[in-house]
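Here's a quick tour of a predicted model, with a metal site, a sheet and some ring contacts to look at.

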Amino acid sequence: MASAPSRRFAGPSDLHTHSNHSDGTEAPAEVVRQVHAHGVRTVALTDHDRTTGWEQAAVETAALGMTFIPGMELSSKHEWRSVHVLGYLFDPDDAALRAETERIRGDRIGRAERIVRSIGRDYDLQWADVVAQTTPDATVGRPHIADALVALGIVRDRAEAFDGILHPREGYYEPHYAPDPLTAVRLITDAGGVAIIAHPVTAGRDRMMPVPFIERLIAAGLGGFEIDHRENTEPGKRALREIVKKHDLIVTGSSDYHGTGKPNVPGENTTADAMVERIIERATGTAPRYP
Ligand code: AMP
Ligand code: FE
Ligand code: FE
Ligand code: ZN
């Protein structure tokens, strides 16, 4: 008889959060304090395309007696869709993964500058205004342009910026380089991590990938899907649950907390202990930081 897994972590678990190392508004330690204050006891920091926040977050989870799951949200793209791939417990020093995240981040800067130049023709916005909204560590993105527009009094908040000036229909949008999702899943998996598709069924530009393509991702090592996320549609969640059942995949639920940058509240969605256990057992790249 198989023995029950020895769980060294405690729930509730929130496996998707952002700090100011990407487009969250708080330092990693503050993110940890906020999720703890909302009752979360196991947390993953999943900044876009970088891992520099891990150390600071791990110091704070240790101080608070929490478990820290190192993670990242890797940008990828399938045709016109932006596909975000969450990676957990991969080796942060893996050369191929590092090279790819450096390429994405580098291209994001040039792309953000192009967007700002284009907006600057119609509004009083300059690149320096955006730089003022970032930390030296940040993965620069449209949220920082939104923050600059807020600081200049052009829009009220990030949401208004995304609904207006930053929306592709306004004509200022530019894409950034991102690998295709198959590459993203392979990079994370080859680095010993577990790959989970973030918010796979949102209503806008990130609509669900075709099922045959999803099955290719599964064959390439995809671990599962983030189903419990406020932006997933109900019909989309039902479709995903069928796929998950058929392939016995991992299901996660998370807040996608961005500090004050989004209304998402820590712990508003959580991941079942058994699923956290599966992620931990499957990963070989780095260990969780237990209390
Ligand atoms: P980018 O990757 O630079 O194109 O920007 C996309 C990021 O913007 C995502 O990671 C989201 O966190 C953020 N975002 C998208 N829509 C909104 C919104 N309505 N309010 C705040 N943040 C948003
Ligand atoms: Fe984000
Ligand atoms: Fe995302
Ligand atoms: Zn996210």
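## The iron site

D23 (OD), H48 (NE2) and H258 (NE2) coordinate the iron ion (ligand 2) at 2.2 Å. Donors here are N, O and S atoms within 2.8 Å of the metal (3.2 Å for Na, K and Ca); water is not among the atoms, so sites may look incomplete. D23 sits in the loop between strand 1 (13–14) and helix 1 (28–37), and H258 in the loop between strand 7 (250–253) and helix 10 (273–282), so the pair ties together parts 235 residues apart in sequence. Helices (H or I, at least four residues) and strands (E, at least two) are DSSP runs, numbered from the N terminus.

Both D23 and H258 are buried, meaning under 20% relative accessible area, with exposed over 50% and partly exposed in between (1.4 Å probe, protein chains only).

Seven strands make an open, mixed sheet in the order 1-2-3-4-5-6-7; two strands pair if DSSP finds at least two bridges between them. Strands 1 and 7 stand at the edges with a single partner strand each, so one side of each has no neighbour in the sheet.

## Ring contacts

The whole structure holds two aromatic pairs. Y123 and Y172 have ring centres 6.4 Å apart and planes at 70°, so this pair is edge-to-face. Rings of Phe, Tyr and Trp (its six-membered ring) pair if their centres lie within 6.5 Å; planes under 30 degrees apart are stacked, over 60 edge-to-face, the rest tilted.

## Ground rules

Residues are numbered from 1 along each chain as its sequence is written, while chains are lettered from A and ligands numbered from 1 in the order in which they are written. In this predicted model local features need pLDDT of at least 70, side-chain atom pairs count only at pLDDT 80 or more, and totals for chains, interfaces and linings use all residues, while side-chain values use heavy atoms, leaving out hydrogens and water.
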